[in-house]
Amino acid sequence: FSSSALRFAPELDKCNPNPNVLTVCGGGNFDEYIIHCIEIAVKFMGCGASKVRYEKYFDQEWADIVYENGKLVKINLTLYNDYFLIAPDKDGISKMVPMGWDFFVNLLGDILRFFETGEVSFDVNQTLEVIKIREALISGKETPGQWKNL
């Protein structure tokens, strides 16, 4: 069982999958905190990322994730930001969806259920996808602005 708690944010369940999504995250450093942004993206978009790109503008770090089916996720990681997603609601209107703190309670409930049943509630391939994207983005810091195929 390996996952960011943000996978369990109930706010993600209120959004419809969309070809273009922006997730904004905060944290002390890119290498450590980007995993949470990627977890949101992969839970929302699924597996199938084909390439990534890292960029930095002043104190903001950006990541692009392009999927084989043309979907695009843009991630912004800035020190002290809260976590939120900009995505369409059930009516197809894009809105900013702030993440509350219920994801911790939901994560703990899922971990307890895991110990009772031995089964994870999500596709473990998504965990591998998160790690694959994270590693490519971290190595992409050496060549900002250039696409890296996955």
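Student: Which side chain does a polar contact of 2.5 Å join to that of Asp64?

Tutor: This is a predicted model, in which local features need pLDDT of at least 70 and side-chain atom pairs count only at pLDDT 80 or more, while totals for chains, interfaces and linings use all residues. Residues are numbered from 1 along each chain as its sequence is written, and side-chain values use heavy atoms, leaving out hydrogens and water. A polar contact is a pair of N or O atoms within 3.5 Å; within protein, one must be able to donate a hydrogen and the other to accept it, and residues adjacent in sequence count only if both atoms are side-chain atoms. At 2.5 Å, the partner of Asp64 is Lys74.

Student: Is Asp64 buried or exposed?

Tutor: Asp64 is found in strand S3, a strand being a DSSP run of E with at least two residues and a helix one of H or I with at least four, numbered from the N terminus. Buried means under 20% relative accessible area, exposed over 50% and partly exposed in between, with a 1.4 Å probe and protein chains only. Because its relative accessibility is 2%, Asp64 counts as buried.

Student: Which residue caps the N-terminal end of H3?

Tutor: The cap places a side-chain oxygen 2.9 Å from the backbone nitrogen of Asn125. That oxygen belongs to Asp123.

Student: How far apart are the end C-alpha atoms of H3?

Tutor: The expected span of a helix is 1.5 Å times one less than its number of residues. H3 has 17 residues, so it should span 24 Å. The distance in the model agrees with this, at 25 Å.
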